[in-house]
Amino acid sequence: MTTLQSDFLRTLEARGFIHQCTDMAGLDARMAAGPVTAYIGFDCTADSLHVGSLLPIMMLRWLQKTGHKPVVLMGGGTTKIGDPSGKDESRQLLTDERIAANMAGIKRIFGQYLTFGDGPTDAIMVNNADWLDALHYIPLLRDVGRHFTINRMLTFESVRLRLEREQPLTFLEFNYMILQAYDFMELSRRLNCRLQMGGSDQWGNIVNGVELGRRVDQSELYGLTTPLLTTASGAKMGKTASGAVWLTADKLSPYDFWQYWRNTEDADVGRFLRLFTELPLDEVRRLESLSGAEINDAKKILANEVTRLAHGDAAATEAAETARRTFEQGAAAEGLPTVEVPRDQLAAGLAVVDLLVSTGLAPSKSEARRLIKGGGAKLNDAALADEAARATLADLDGDGVIKLSAGRKRHALVKAV
């Protein structure tokens, strides 16, 4: 590849963001010439986003930091259909009220990463329901649908995989790629938006939008995707045994978020520092070269930096200090996930198996029993050997809490009320 001229694409290439581009030379020249408006779409299937969405969010952040204008497209319209990309089965259809509530929850996240306003490079947020809800179906089919052939649509991975696995693909979902392409054309007309970005699973949808804009409006549009992101061991980003790693504090505490990044596999440290932090690349290279116990220092820096971006400086500092007191001093620190139980129930004795589940340290009672049997469960830092063990008032420490642990790194508190 020839040397890139635009700061944005040079940054993305150096940090490992780029997977595919519809026309790298053309996009590079366009971005080197002045501010470009670009967007990424986010459907409203939940009231938050998890770390699987962090890569595109960081792309929007770098876009703004290098002098361009980010557009966050909320899928108030497309969520009513459901994107079949990467899905083996149809999504549950949500009500308009649920979609609106989910959108309100998601909007909170972007204020942490982007500066919104009316300036030339200030971010804006738009909702594709503004135009999709007003479409008349037959005119849409005549004006837009005729640019899509069934033959080509069947070749896209989101459709092909579903058919190969003999999983049903509804006609409603089949229309999703047409509407996403229409979004790009509409944003091009309304906001002079020239670039759509997204994950590699969106490549087919993005290419459709680029081609639709060229055929209908003779617009010069571009598409850019990031690689599919998995951990070194092959696990999908954003999921753990205890559930999704959410980006909002009401869904996952900043402490648990910090811990997720602190527990990064050694082989992923350098890659995640490049993608999810803004540390200079020289510093990233220094940190990823650490070995043995020193790599843990790099993991703490990773956790601090990612948590700072998502939750702010104070939350990151508190999470790091909580971890330090808990792990380095062995003390039950404030800020750990806490479950309250009635004092009279604790007086009668509560099964530790149940407490491991209610605190989120084990996903089920059977897993909790296996954890105890394997020696991985602790009560107040003392290993448990009895699967029938019960916690009582006698186990409360001086602060009126019981500390439960699953392994060396995951802890929670039980508080009597």
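Five strands, in the order β9-β15-β14-β11-β12, make up an open sheet with mixed pairing. Two strands count as paired if DSSP finds at least two bridges between them. Helices (H or I, at least four residues) and strands (E, at least two) are DSSP runs, numbered from the N terminus. β9 (338-341) and β12 (382-383) stand at the edges with a single partner strand each, so one side of each has no neighbour in the sheet. Inside this sheet, strand β11 (residues 377-379) pairs with strand β14 (residues 401-406) in the antiparallel sense over 3 bridges. Lys378 stands opposite Ser405 in β14. Strands of a sheet pair through backbone hydrogen bonds, either parallel or antiparallel.

The model is predicted: local features need pLDDT of at least 70, side-chain atom pairs count only at pLDDT 80 or more, and totals for chains, interfaces and linings use all residues. Residues are numbered from 1 along each chain as its sequence is written, and side-chain values use heavy atoms, with hydrogens and water left out.

A second open sheet has 6 strands in the order β1-β6-β5-β2-β3-β4, again with mixed pairing. Its edge strands are β1 (20-21) and β4 (124-127), and each of them pairs on one side only. β1 pairs with strand β6 (residues 222-226) in the antiparallel sense over 2 bridges, and Cys21 has Leu224 in β6 as its bridge partner. Helix α3 (residues 54-65) packs on this sheet and touches β2 (37-43), β3 (69-75), β5 (193-199) and β6. The direction of α3 makes about 160 degrees with that of β2. Helix α11 (residues 203-217) also packs on the sheet, touching β1, β5 and β6, and its direction makes about 170 degrees with that of β6. Contact means heavy atoms within 4.5 Å.

Helix α15 (residues 295-311) packs with α12 (residues 254-262) and with α13 (residues 269-276). Axes are lines fitted to C-alpha atoms, for helices over the stretch in contact, and angles run from 0 to 180 degrees between N-to-C directions.

| Helix pair | Angle | Axis distance |
|---|---|---|
| α12 and α15 | about 140 degrees | 8 Å |
| α13 and α15 | about 20 degrees | 10 Å |

Angles under 35 degrees count as roughly parallel, over 145 as roughly antiparallel, 65 to 115 as roughly perpendicular and the rest as oblique. α12 and α15 are therefore oblique to each other. Their contact includes Phe257, Trp258 and Trp261 of α12 and Leu302, Ala303 and Val306 of α15. The residues of this contact divide into 8 nonpolar, 4 polar and 3 charged. Ala, Val, Leu, Ile, Met, Phe, Trp, Tyr, Cys and Pro count as nonpolar, Asp, Glu, Lys and Arg as charged, and the others, Gly among them, as polar.

The angle between α13 and α15 is about 20 degrees, which makes α13 roughly parallel to α15. Val269, Phe272, Leu273 and Phe276 in α13 meet Ile295, Ala298, Lys299, Leu302, Val306 and Leu309 in α15. This contact of α13 with α15 has 9 nonpolar, no polar and 1 charged residues.

The whole structure has 19 salt bridges, a salt bridge being a side-chain nitrogen of Lys or Arg within 4 Å of a carboxyl oxygen of Asp or Glu. One joins Arg190 and Glu186, with the closest N and O atoms 2.8 Å apart. Arg190 and Glu186 are 4 residues apart in helix α10 (residues 176-191), so about one helical turn separates them.
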